[in-house]
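Work through the exercises below with the sequence and the model open. Try each task before reading its solution.

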Amino acid sequence: MQTMLVDNKKYKIDVSKNLLHNCLLNNINIPYFCWHPSLGSAGSCRQCAVKYDILDVNGSIQSKIVMSCMTEVKNGMIIYVNDSEAYNFRKSIIEFLMLNHPHDCPVCSEGGNCHLQDMTVISEHNKRRYRYNKRTYKNQYLGKFISHEMNRCISCYRCVRFYKDYAGGKDFDVYGLSNNIYFGRSEDGDLENEHSGNLIEICPTGVFTDKLHNKNYSRKWDMQYAPSVCNFCSVGCNIIAGERFGNLNKIENRYNKDVNEYFICDLGRFGYNFVNLKKNPSNPFFIEKNKFFKLKKKKAINFAKNILIKSNKILGIGSSRSSIENNFSLLNFVGKKNFSNGMLKDENKCVNKITNFLKNNYVYTPTLKEIENYDFILIVGQDITITAPRMSLSVRQSVNNQIKNNIFSFKKNCNVCKISEENKIFNNKNNSSLFILSNNKTKLEDISNINYYSDSEDKARFLYFLEKYVNKEIFKKCSFYELIKDKVYYIYNALLKSKKPLFIFSCCDNDYNLLKSYINLIISFRKINSLLGNVFLTNNSNSIGVSAMSNISLDEILNIAYMEKKVSIILLEIDLYRFISEKIINKILKNKNKIIVLDHLYTKSMKNFNLSFPTKSFFESTGTILNYEARAQRFFKVFDKKSYDIKCNRMESWKWIKEIYYKINNKKCKCNNLKNILNLCIKKFPILKKIKYASKNSDFRISGQKIPRSPNRYSGRTLLRYNKENFKKNLIYDSETMFSFSMEGSNNFNNKISHIPFIWNPGINSSQAWNNIADSHVLKENISSGIKIFESVKNKKINYNKISFSKNYKEHKLIITKHNFLFELEEMSQFSFKKNEKIKYINGFINDRYANFLNIKIKDILEFNCEGKKFKIKIFFSKFLKTGYISLPVGSFNVPVFLNNYKIKKFKII
C-alpha cells in the first residue's frame, strides 16, 4: 500500500491521480478552480498551492511551494497543506482573483451552490481591500437555455477547455490577453453544441447559469430532490431532479462511473418542462359525442369496468418510454398473447433481434467510459449526436486519445492501403480511426476519417463487402463495389491494425436488412479479435426492457382489433396518432371498439378516445428501465402532486391497472406494490431476474432512518402550505423506496451510498462535490450504478443472417428518410418546447442535384397526400443526401412514424 504524509498524518494514495485529487478523496479540502477530473489541470488559477518536502542532491530537505494539481504523487512524499507560507499564498491568490468580481452573491442564481463561495470560505478571504473601479464586460445572448454574466469570471479556462477541446464545439472560444480575457462567442447567438448545458456545472462561478431554472428560481436548499435516470434516449444517464411547489425546477448531472460520469447532454438537462405543463391531465375523464366529462376516481374505475366486461377481448399496448413495472402490470392484466410492446413492425423486428443478441452476450457491450479506450470505431446508422448525444462525447474522447497517442498515422499508411490519388481526401487532418456510415452529414464529421453517406440499402451492401474482406471470401464484383472499394479496403486495413475495435449501430432507421448485415460483420470479426466491442442504440429508453417481455408488434395487435368487433384496447403511455394514420385508427373505431388511455401527457389519443386516466411521469414515480447495455437502472419519484393539490388524482400506471383489475375480479391484485410487481415479473420472465438488484430496496435504512429528499436548511418548511386545505392529510409517506418526503432534511447520508438525492459534501456545496466523493472508497463500497441483467453465455454460436439485396431503385420517386434535431426526436421533450401544434410547413431536405432534376428550388413548398392527409414540405438542400430521397423529421408532431421509408408517388409544387 502506497501512502503519503499530509500535515503529519498518513493517507492512502492512488498514483494514477494527481496530488490535488488524492487530497480531495481523503477529505483534505484544498482550494482549486482550473482542475477538473475529466479535463485535467491547466495550472492557471494557482489556487491549490501546498508545501512539498524534497531531498536535494546533498541529502538535505528542501521545502518549496508547488501546485498540487500539477504534481504527481509518490510513495512516502511529505506534504504540508496548512503551512503558513502555503496558506498565505493561497489567501493572496484568492484575493487577486476576486479583485474584479462583483458583490452580487445575494442576487446571483449560483448563490449557495457556488464553488467560488466555497473556496473563499476555505481560504478565509472575507475582506475587500480593492477600492478602484472594477473591470466590466458586456454579456452575451447564448440561447434560450444559458445565461451569461461575464463579470463574474475568474479566468480558470474550464469553459473553453470543456466546450472547445473536450466537447468539440466550434462557436465558443477565449478572446483577449493578459488581464482582459473574454470567454464567449464571436457574436450573440445560440450555442450549437449539444453539451453546452454542462458549462453551468463546469463553471466554478456564476458566469453560466440555467435560464429555465432562473424562470422558476429556488435556492438549492429550498428544493426537494431525488436520484433519477434520463428517459430521453437509450443511454440512460443518471440525473438529480430538483422540485419545489409541485414544479420540476432543475436537472443536474448525477455521477455514475459506469454510465455518464460528470456530463449529460442538453436534452437530458433542459427537456423536462413537459412535467410542468398546465394541460397535463390531473383527473380521469371520458369523451362522449365530442363532450368532455370529468370523473372522480371511483367513477372512472367503474367506467373502465363496464367497458372491459362488455368486450369480447381486451388488448394492451405497452410503451418503450414507460417502465418495466408499468408494462408488466398491463401484460399481466391482459395476458401475454394480447400484449404488444408498442413498436411498429420494422422497429419491432430490429429491437427483438438486438435483444436476442444481447441475451446471448456474444460480444461485450462497453460503458461510456470504456468507449473512450477503443482505438477503432465504426458507426452505422443515424447521427449519434442526436440519437445518443452523451455517447458521442465518449466517441470524441476516444478519437482525441488516439490522436494524442499516435496510435494511427494514416498519412504514413496511405501507400500501404493503396488508396487511389483521387481518394486521398480520406486521409484527413485528424488521422483518426473513426468511420461513419450514415444517411446525411453528422456532427462527428470533424473528427472522422471516412464518412459514407447513402441510404440503408447501400450501407448494408457496404458492410457486406467489408465482411467479405474480413472473411477473405471471393465475391462477385459489381458497379456499386467499384464506387466504394477504396473506402472498404481502407476501413478493412484500419480494422486489422486495431487492437481494440468498437462497432456502434444506431437503429433509428429501423432497417432490418442493414441490421443483419451489421451483425454478420460482428460475427466475422469476432473470430479474429475477441476484444471487439459492440453497441446497439435503440429509439427509446426502455426499448430493450419491453422487448424482453413481448415480441408482438403494434401492427399485429391493431390488426386483431381491426378484424374483431367489440374489442377494448388499453394504451399505456403511447400516442397512436404519432405512429399510425388517422385512417387506420378510424377503421378500428368503426368496429365499436373502445380505447382506454393511460398517460401523463395530454396527447392526441387522450383528446380523441373514450376514457382517459392521468398517470405520473417518471419524475413523479419510481420504476426500472434497461438501457443500451441491458443495464437495469432505477429512477425514483421526486415529488407527489397530490401533496400540493388534494384534488389531483394522478397515479402510477400500474396502480390504475391494479385498481381496475380489483374492480373487475372483485379480489386483490397480486401487483399491489413495486416489490411484488418485480417478483412476479421475474417469475414470469426469468431472464430479468437481476432487475431487483438495480438499487437498494424500500427496507434500506441508515441509522434507522430513510433518506430525506430535502437538505437540512430547507426554509420555512412548516409554513409553506399552512393555508392549504387538509394540509396534514397531504403529507405523503413513500412506502415504495428508501427515500422519505421528510420535513426534517439532512446532509448526513451523502457519502454513504451512490443514490445521492442532492449534491453536497462537507465544505463543498456546489456540483464540484462530486470531485471529492465520486472515486472515494466509501462510495465504491456502496456503489449501485445499476446492473447488467444478461449473463455471459460461453461458447455460444451465432448463426449468420441471410441477406437479400433489392435491385437498384431507378424510378424518379421520393422516398422519405428520417432526420431529427435534438429536441424533436423523442416524444416527451417535444411537449416541453411545443408552441403551436398546427405548423404551416414541415422542413425537409433533398439532394441539391436531384432537386435541380425535379425542377425544385430552395424553399419551394412540396405537397403530397398519404393515407388521406396532406403534408406540406418546405424544401432545403443537402449535398450529402442520396438522390431519390427526401429527409423529414419523422416522429415529430406533424410527421407520424409510419411515414418512414414511404414512397411518395405523386407530389406537386405549390
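**Exercise 1: a hairpin**

Strand E12 (residues 247-253) is mostly covered, with six of its seven residues buried; buried means under 20% relative accessible area, exposed over 50%, and partly exposed in between (1.4 Å probe, protein chains only). This is a predicted model, in which local features need pLDDT of at least 70 and side-chain atom pairs count only at pLDDT 80 or more, while totals for chains, interfaces and linings use all residues. Residues are numbered from 1 along each chain as its sequence is written, and side-chain values use heavy atoms, with hydrogens and water left out.

Task: Describe how E11 and E12 pair.

Solution. Step 1: strands (E, at least two residues) and helices (H or I, at least four) are DSSP runs, numbered from the N terminus. Two strands pair if DSSP finds at least two bridges between them. Step 2: strand E11 (residues 238-244) pairs with E12 over six bridges, in the antiparallel sense. Arg244 stands opposite Asn247 in E12. Step 3: two residues lie between E11 and E12 in this hairpin, and Phe245 in the turn has a positive phi of about 55 degrees. Step 4: Arg244 also lies over the face of Phe245, at 4.5 Å from the ring centre; a charge sits over a ring if NZ of Lys or CZ of Arg is within 6 Å of the ring centre and within 35 degrees of the ring normal.

**Exercise 2: two aromatic pairs**

Task: Classify the pairs Phe618 with Phe635 and Tyr850 with Phe853.

Solution. Step 1: rings of Phe, Tyr and Trp (its six-membered ring) pair if their centres lie within 6.5 Å; planes under 30 degrees apart count as stacked, over 60 as edge-to-face and the rest as tilted. The structure holds 53 aromatic pairs. Step 2: Phe618 and Phe635 are 6.0 Å apart centre to centre with 80 degrees between the planes, which is edge-to-face. Phe618 lies in the loop between strand E24 (611-614) and E25 and Phe635 in strand E26, so the pair ties together parts 17 residues apart in sequence. Step 3: the ring centres of Tyr850 and Phe853 are 6.0 Å apart and their planes at 15 degrees, so this pair is stacked. Tyr850 is buried, at 5%, whereas Phe853 is exposed, at 51% relative accessibility.
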